[in-house]
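Please walk through this structure with me, one contact at a time. Keep the sequence and the 3D view side by side as you read.

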Amino acid sequence: MNGLDPVLHHPTKLTVLAFLSGCQEAEFSVVRDYCQVSDSVLSKTATSLETVGYLRARKGYVGKRPRTWLSATRQGRAALAAHLGALQQLAAAAEAAGSETGAEGDRQES
């Protein structure tokens, strides 16, 4: 279907980007906990999203402890909005087709 983003087809990538679109920036552990994935899964997902330009990772320190913060890029937010729009269109088209088929079935039974 036109408009669906193959990168965001994977549920973890979609969840990460959706979460990040709701905030300016989030610490790696907060995103990991929200998405209920392991460090390695989030790391691979973040790297994949960063490679296509949908996510930005920023490294720094809090005291002496290293930290990573993740944020959705403008391109990532636009891709998410387009993907969600395409999903809504897909659902609406399927619902309309189902309604038409259901109405035809009702007429055939009469």
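**Starting from Thr 45**

Leaving aside residues up to four places away in sequence, Thr 45 touches Thr 12, Lys 13 and Val 16. Contact here means heavy atoms within 4.5 Å. This is a predicted model, in which local features need pLDDT of at least 70, side-chain atom pairs count only at pLDDT 80 or more, and totals for chains, interfaces and linings use all residues. Residues are numbered from 1 along each chain as its sequence is written, and side-chain values use heavy atoms, with hydrogens and water left out.

Where does Thr 45 sit? Its place is in helix α3. Helices (H or I, at least four residues) and strands (E, at least two) are DSSP runs, numbered from the N terminus. Is Thr 45 buried or exposed? Thr 45 has a relative accessible area of 6%, so it is buried. Buried means under 20% relative accessible area, exposed means over 50%, and partly exposed lies in between (1.4 Å probe, protein chains only).

Now look at Lys 44, also found in helix α3. Lys 44 has 63% relative accessibility, so it counts as exposed. The C-alpha atoms of Lys 44 and Lys 13 are separated by 9.8 Å. Along the chain, these two are 31 residues apart.

Follow Lys 13 next. Lys 13 lies in helix α1. Not counting residues up to four places away in sequence, Lys 13 touches Val 7, Leu 8, Thr 45, Ser 48 and Leu 49.

Step back to whole helices. The axes of α1 and α3 come within 10 Å and cross at roughly 75°. Axes are lines fitted to C-alpha atoms, for helices over the stretch in contact, and angles run from 0 to 180 degrees between N-to-C directions. Angles under 35 degrees count as roughly parallel, over 145 as roughly antiparallel, 65 to 115 as roughly perpendicular and the rest as oblique. From α1, the contact is made by Thr 12, Lys 13 and Val 16. From α3 come Val 41, Leu 42, Thr 45, Ser 48 and Leu 49. By class, this contact of α1 with α3 has four nonpolar, three polar and one charged residues. Ala, Val, Leu, Ile, Met, Phe, Trp, Tyr, Cys and Pro count as nonpolar, Asp, Glu, Lys and Arg as charged, and the others, Gly among them, as polar.

Helix α3 (residues 39-51) also packs with helix α2 (residues 28-35). The angle is about 105°, and the axes are 10 Å apart. Helices α2 and α3 are therefore roughly perpendicular to each other. Which residues meet? Phe 28, Val 31 and Arg 32 in α2 meet Asp 39, Leu 42 and Ser 43 in α3. The residues of this contact divide into three nonpolar, one polar and two charged.

Gln 36 lies in the loop between α2 and α3. Its phi is near 55°, a positive value in a residue other than glycine. Most residues other than glycine have a negative phi. Gln 36 has a relative accessible area of 73%, so it is exposed.

Turn to the rings. How many aromatic pairs are there? The count comes to one aromatic pair, where rings of Phe, Tyr and Trp (its six-membered ring) pair if their centres lie within 6.5 Å, and planes under 30 degrees apart count as stacked, over 60 as edge-to-face and the rest as tilted. Phe 19 and Tyr 34 form a stacked pair, 4.5 Å centre to centre, with 25° between the planes. The pair links distant parts of the chain: Phe 19 is in helix α1 (residues 11-21) and Tyr 34 in helix α2, 15 residues apart. Phe 19 counts as partly exposed at 22% relative accessibility, whereas Tyr 34 is exposed at 51%.
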